[in-house]
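Me: I have a protein structure open beside its sequence, and I would like to learn how to read its features one at a time. Could you take me through them slowly?

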Amino acid sequence: MRKVREIKSTDISGIMQVMEAAKGIMRQSGNMHQWGDGYPSETVILSDMGKHGGFVIEDDSCIVAYFAFLPSPEPTYSKIYDGEWIDDTQPYHVIHRIASYPEVHGIFNTIMDFCFSHDANIRIDTHRDNLIMQHNILKHGFSYCGIIHLANGDERLAYQRLNLIRSV
């Protein structure tokens, strides 16, 4: 049975194995440059954990995926180029570092169900070469908003989905 839970320090080794598998998926699909130079490192994952924003997905108590779900503000989202955010006034959450094993399917659905059960305003970004992630993002109702730059200057395609609550 699939379960989402916050990470603990004893999960780090399993998470790093998932990260390596995800890098393999990226390279096989032509995304040769995202997540290079040891990123994401254990330090990054521990930082997510310290913010209570690191999550694993387990199947039968085995870690099969990782993602970060962090509250705003996201510093790299303060400036967007060639576009604009759908809503730039309300608080939001950001999803980062989605990773899973290649043989596990439906992970993005599980992540979206979890995240939208906690916030209706979510942003996400991805590398221009990550066509698999771009497909999943658009398939799940996100709108392309423009380009953001990471702290190191690298460009990312930025998306937002805002679920409006309608009163009856």
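Reply: Let us begin with surface, where accessible areas come from the Shrake-Rupley method with a 1.4 Å probe, and for residues only the protein chains shown count as cover. In this case the accessible surface of the protein chain comes to about 9000 Å², and 53% of that belongs to carbon and sulfur atoms. Please keep in mind that this is a predicted model, in which local features need pLDDT of at least 70 and side-chain atom pairs count only at pLDDT 80 or more, while totals for chains, interfaces and linings use all residues. Residues are numbered from 1 along each chain as its sequence is written, and side-chain values use heavy atoms, with hydrogens and water left out.

Me: What share of the 168 residues counts as buried?

Reply: A residue is called buried under 20% relative accessible area, exposed over 50%, and partly exposed in between (1.4 Å probe, protein chains only). By that rule, 49% of the 168 residues of the protein chain count as buried.

Me: How does the radius of gyration of the protein chain agree with that of a compact globule?

Reply: The radius is taken over C-alpha atoms, and the globule rule is 2.2 Å times the number of residues to the power 0.38. For 168 residues the rule gives a value near 15 Å, and the protein chain has 15 Å, so the two agree. Along its principal axes, the C-alpha trace spans about 40 × 40 × 30 Å.

Me: How many helices and strands does the protein chain have?

Reply: Helices (H or I, at least four residues) and strands (E, at least two) are DSSP runs, numbered from the N terminus. The protein chain has four helices and seven strands, and from the N terminus on they follow the order β-α-α-β-β-β-α-β-α-β-β.

Me: Which strands pair with β3?

Reply: Two strands pair if DSSP finds at least two bridges between them. Strand β2, residues 54-59, pairs with β3 in the antiparallel sense over six bridges, and Val56 stands opposite Tyr66 in β3. On β4 there are likewise six bridges to β3, again antiparallel, with Leu70 standing opposite Val94 in β4. Strand β3, residues 62-71, has eight of its 10 residues buried, so it is largely enclosed by the rest of the structure.

Me: And which strands are joined to β7?

Reply: Six bridges join β5, residues 121-126, to β7 in an antiparallel arrangement, and Arg123 stands opposite Gln160 in β7. Strand β6, residues 143-149, is also joined to β7 by six bridges and runs antiparallel to it; here Ile148 has Arg156 as its bridge partner. Strand β7 itself, residues 155-162, is mostly covered, with six of its eight residues buried.

Me: Is helix α3 enclosed or open, and what should I look at?

Reply: Look at how many of its residues are buried: in α3, residues 107-116, the count is eight of 10, so the helix is largely enclosed by the rest of the structure. Among the buried residues are Phe108, Ile111 and Phe114.

Me: What is Ile98 in contact with, beyond its neighbours in sequence?

Reply: Contact means heavy atoms within 4.5 Å. Ile98 lies in strand β4, residues 93-100, and counts as buried because its relative accessibility is 14%. Leaving aside neighbours within four places in sequence, Ile98 is in contact with Trp35, Tyr66, Phe67, Phe108, Ile111, Ile124 and Met133.

Me: What is the phi of Ser61, and is Ser61 buried or exposed?

Reply: Ser61 has a phi near 70 degrees, a positive value in a residue other than glycine. This residue sits in the loop between β2 and β3, and at 65% relative accessibility Ser61 counts as exposed. Asp82, in the loop between β3 and β4, has a positive phi of about 55 degrees although it is not a glycine, and Asp82 is exposed with a relative accessible area of 67%.
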